[in-house]
Amino acid sequence: MTHRSDELLQDYLDDLLGSEAPPVQVAPRSPAPEEHREAGVRDANAEKQRQLQKLLNSAKLQVAQVAPQSPPEPEIKEPVPVPSELEPAVVVPEDLTQPEQAEAVAQVLDEQLQWHVNGRPHWAQDEFEVLLFKVSGLTLAVPLITLGQIQPLTDELTPLFGQADWFMGLQPTPSGKVRTVNTAKFVMPERYDPEFVKTAQYVISINGVPWGLAVDKVEQPIRLNPEDVKWRSERGQRPWLAGTVKAHMCALLDIPQMGHLLTKADKNAG
Amino acid sequence: MATNANQNHNADDPVLQWVTFRLDGETYGINVMQVQEVLRYSEIAPVPGAPAYVLGIINLRGNVVTVIDTRHRFALPAAEVTDNTRIVIIETDNHVIGIMVDSVAEVVYLRQSEIETAPNVGNEESAKFIQGVCHKNDELLILIELNKLLTNEEWAELDEI
C-alpha cells in the first residue's frame, strides 16, 4: 500500500472514530529493542498464518458435508484440531436455537458487552487476539474470543424479502442457519460497493448469536496489546466500533456490541 | 399414509403439508389447507384504479377472483410470464384470491418443530408475511403467513373491485 493510500485510510479510520486524531497510544509494557521485536513479530506471524490455515481447512471440510453435490475431494481429511489458544473462538453451541444454550451464553455475552472505566471493553483488559479480515478493501479486526466459526458463503445463501438492506440472507451451516450481515453495507454504507455481494467469500459467525459477518478474505490472527488500540471514547453513533489499530491500519469491531445490536434489531427475537 | 401415521403419533409436533412454489429463484411454502387449486396462467383482466399489488381479475368457473402480484407484494423485481407461471388459488380470512408465482414445485411435509423463526430486521411491512423458514431437501424454504398477506383495509379495498 502506498504512503498516500495509507494516509487516506488513516483519515477514514479517524473519521470512523469521529474525532481528531490524537497520537496513537503505543506504550509497550517492556521496552524491547526494535529489531528484536520485529524478529519476534515475524515468528509470531508465521505461527498465526499456520493457525489460520488450520481454521480455513476446517471450514472447507464442513462445506463438503453440507454440499454433497459439489465435486468430490480427492481425499477426506479428518477435521483439523484448532490450536488450544484459539479454542474459545471456534466453540459454538451446536444449535443456537436451543433456549438452554442461549441462556448459558447470555451471561458471558453480557460480560463481554461491558466497558470498564479505563475506556476499554471487558475483552480487552489484557492482551487479546484478533482476526483480521478484508471487507471491500478495508481491513477489519474482531476479537477472536467473540467469534464462532468461519464458513464459506455458498449458493445456499437465501435472501429474505422485507429485511434491512444490510441483511444478505440465511446461510445454512452444520451449526444452524447463520443470519448473514452484509458487512460492507453495515460498517461503511457511505462507501458501499455493490460488488461486495459477489466478492464476499466467508461468513464469520458471532459467538452466542445466530448472526455472522460476510467478508471478502480472512487474514491472519494477531495478538494486540490494549495500548496498540486507539479506543473510541464516544460510541453513540457507531456502537459497534471499538477503536482503530494504526499499526495494522484497521478498524477494531466490538463484536459483542454488534451481536447485541443485531439481536435488538430483530423484531422477531424472543 | 406414513405421514398420517406420524401426524397421529405425535400430536405435540404435528406434520403439516406445504405447497411450495418458486419466486425470483427462492422457494416458498404455503399451508396446503389454504390452497384450493393451482391454475395455469391465463389472461388476467386488469382493473382500473386497483391497488398496485393487484394484477387484475380472472373468471374461475363463473366466480370472479382477484389475482395478486406476489412479486410486487414481496418487493421482488418484476418478471415475464413463462410457461411455468401459475396462479395459486388460496382461501384466507374467508376470502378467495389468486397469487401469481413463477412456478409451483411440490408438496412437502414439515414437522412443526422443524420450522424456525425468521429474522425481522428493517422497517419493511412485508417482512411480517414470513412465518418461518425450514431447511428441506438441501434448500431453505421460506414459509408464508397467508393470513397476513393483506390487512383488513386491503381486504375491504379488494371487495370493492
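In this predicted model, 18 residues of chain A are in contact with 20 residues of chain B, contact meaning C-beta atoms, placed from the backbone, within 7 Å. On the side of chain A that touches chain B, β4 (167-173) and β5 (176-181) each supply at least two residues, and β4(A) gives the most, with 3 residues. Strands here are DSSP runs (E, at least two residues), numbered from the N terminus. That side of chain A divides as follows.

| Class | Residues of chain A |
|---|---|
| Nonpolar (Ala, Val, Leu, Ile, Met, Phe, Trp, Tyr, Cys, Pro) | 8 residues |
| Polar (the others, Gly among them) | 5 residues |

A core is a set of buried Ala, Val, Leu, Ile, Met, Phe, Trp, Tyr and Cys residues joined through C-beta atoms within 7 Å; buried means 20 or more other C-beta atoms within 10 Å, exposed 12 or fewer, and partly exposed in between.

A:Ser233 sits in the loop between β9 (229-231) and β10 (241-245) of chain A. A:Ser233 is exposed because 10 other C-beta atoms lie within 10 Å. Its C-alpha atom is 9.1 Å from that of A:Arg120, 113 residues away along the chain.

Residues are numbered from 1 along each chain as its sequence is written, and chains are lettered from A and ligands numbered from 1 in the order in which they are written. Local features need pLDDT of at least 70 and side-chain atom pairs count only at pLDDT 80 or more, while totals for chains, interfaces and linings use all residues.

Note on methods. Helix = DSSP H or I, 4+ residues; strand = E, 2+ residues; numbered from the N terminus. Contact = placed C-beta atoms within 7 Å.
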